[in-house]
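Please open the structure in a viewer and keep a selection tool at hand.

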Amino acid sequence: MKQEEERRKALEEAKKQSELVAKKKAEEEARRKKEEEERKRREEEERKKVQEAARVAKEKQEQLQVSIQAYAKALKQAWVDGQVSKDEESLLSTLRKSLGIDNDQHSSLEQEIQLEIYLEAIVEGWKDGAITPEDSEKLDVLREKFSIPAEEHLRLEKQVRREILKQRA
């Protein structure tokens with residue numbers, strides 16, 4: 001009977017140990033599951049932050065493009081007569097600051113606009129098939145004001161003549 005009593009106690013102890021192990025396993029599994037859920041939640045938050053940052057950056061880039069386009073139009077309007085008055089320069093400076101356009105962007109746009117205006121003047125001069133003395137004088141004045149080298153003038157003029165000949169053919 002003592003043996004049976006010891007066996008029963010051993011079985012109870014084994015059952016308790018088994019229940020304890022099962023309980024610890026369940027707790028460990030619950031802990032792991034909670035950690036995994038927390039990791040997934042953090043990853044999702046991080047993914048959303050990255051997406052939001054990308055959206056904001058894209059929006060800022062689009063706003064900058066719109067600002068640059070608006071400034072380029074104003075700059076062209078100011079340079080259309082071949083010179084910028086003090087009032088125009090003041091307005092452009094204010095506009096440039098309010099749109100967040102830096103000096104490098106301004107210089108680049110200004111050079112682009114000047115070449116565009118100069119090219120338009122060449123096209124206008126050659127539209128009848130030849131440059132008049134008045135057209136030549138206007139181009140000389142613009143070339144000097146815009147600091148356009150003679151080589152650039154010749155290249156642009158050649159390009160315009162070629163286009164005119166294509167259109168007539």
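Begin by selecting Ala-74, which is found in helix α1; helices here are DSSP runs of H or I with at least four residues, and strands are runs of E with at least two, numbered from the N terminus. The model is predicted, so local features need pLDDT of at least 70 and side-chain atom pairs count only at pLDDT 80 or more, while totals for chains, interfaces and linings use all residues. Residues are numbered from 1 along each chain as its sequence is written, and side-chain values use heavy atoms, with hydrogens and water left out.

Ala-74 is partly exposed, with a relative accessible area of 24%. On this scale, buried means under 20% relative accessible area, exposed means over 50%, and partly exposed lies in between, with a 1.4 Å probe and protein chains only. Not counting residues up to four places away in sequence, Ala-74 touches Leu-92 and Leu-95; contact means heavy atoms within 4.5 Å. Ala-74 and Leu-95 are 21 residues apart in sequence, and their C-alpha atoms are 8.8 Å apart in space.

**The whole of α1**

Now extend the selection to α1, which has 78 residues. From its first C-alpha to its last, α1 reaches 113 Å, close to the 116 Å expected at 1.5 Å a residue; the expected span is 1.5 Å times one less than the number of residues. Which residues of α1 are buried? They are Ser-67, Ile-68, Tyr-71, Ala-72, Leu-75, Ala-78 and Trp-79. What covers them includes α2 and α3.

Select Tyr-71, also in helix α1. Tyr-71 is buried, with a relative accessible area of 0%. Leaving aside neighbours within four places in sequence, Tyr-71 is in contact with Leu-92, Leu-95, Arg-96, Leu-99, Ile-101, His-106 and Leu-109. For a distance across the model, pick Gly-125: this residue is 54 residues from Tyr-71 along the chain, and their C-alpha atoms are separated by 27 Å.

**α1 with α2**

Next, show α1 together with α2. Their axes come within 10 Å and cross at roughly 175°; axes are lines fitted to C-alpha atoms, for helices over the stretch in contact, and angles run from 0 to 180 degrees between N-to-C directions. The two helices are therefore roughly antiparallel to each other, given that angles under 35 degrees count as roughly parallel, over 145 as roughly antiparallel, 65 to 115 as roughly perpendicular and the rest as oblique. Ser-67, Tyr-71, Ala-74, Leu-75, Gln-77 and Ala-78 of α1 make the contact with Glu-88, Leu-92, Leu-95, Arg-96 and Leu-99 of α2. By class, this contact has seven nonpolar, two polar and two charged residues; Ala, Val, Leu, Ile, Met, Phe, Trp, Tyr, Cys and Pro count as nonpolar, Asp, Glu, Lys and Arg as charged, and the others, Gly among them, as polar.

**α1 with α3**

Among the residues making the contact are Leu-64, Ile-68 and Trp-79 of α1 and His-106, Leu-109 and Ile-113 of α3. The contact of α1 with α3 has nine nonpolar, three polar and four charged residues.

Keep α3 selected. At 1.5 Å a residue, its 24 residues should span 34 Å, and its end C-alpha atoms are 34 Å apart, which agrees. The buried residues of α3 include Ile-117, Tyr-118, Ala-121, Ile-122 and Trp-126. What covers the buried residues of α3 includes α1, α2 (86-99), α4 (133-145) and α5 (150-168).

Leu-115, Tyr-118, Leu-119, Ile-122, Val-123 and Trp-126 in α3 meet Glu-152, His-153, Leu-156, Glu-157, Val-160, Arg-161 and Ile-164 in α5. These residues divide into nine nonpolar, one polar and three charged.

**Two last selections**

Select His-153 in helix α5. His-153 is buried, with a relative accessible area of 10%. Not counting residues up to four places away in sequence, His-153 touches Tyr-118, Ile-122, Leu-139, Arg-143 and Ile-148.

Finish at Ser-147, in the loop between α4 and α5. Is Ser-147 buried or exposed? At 60% relative accessibility, Ser-147 counts as exposed. Ser-147 has a positive phi of about 55°, although it is not a glycine.
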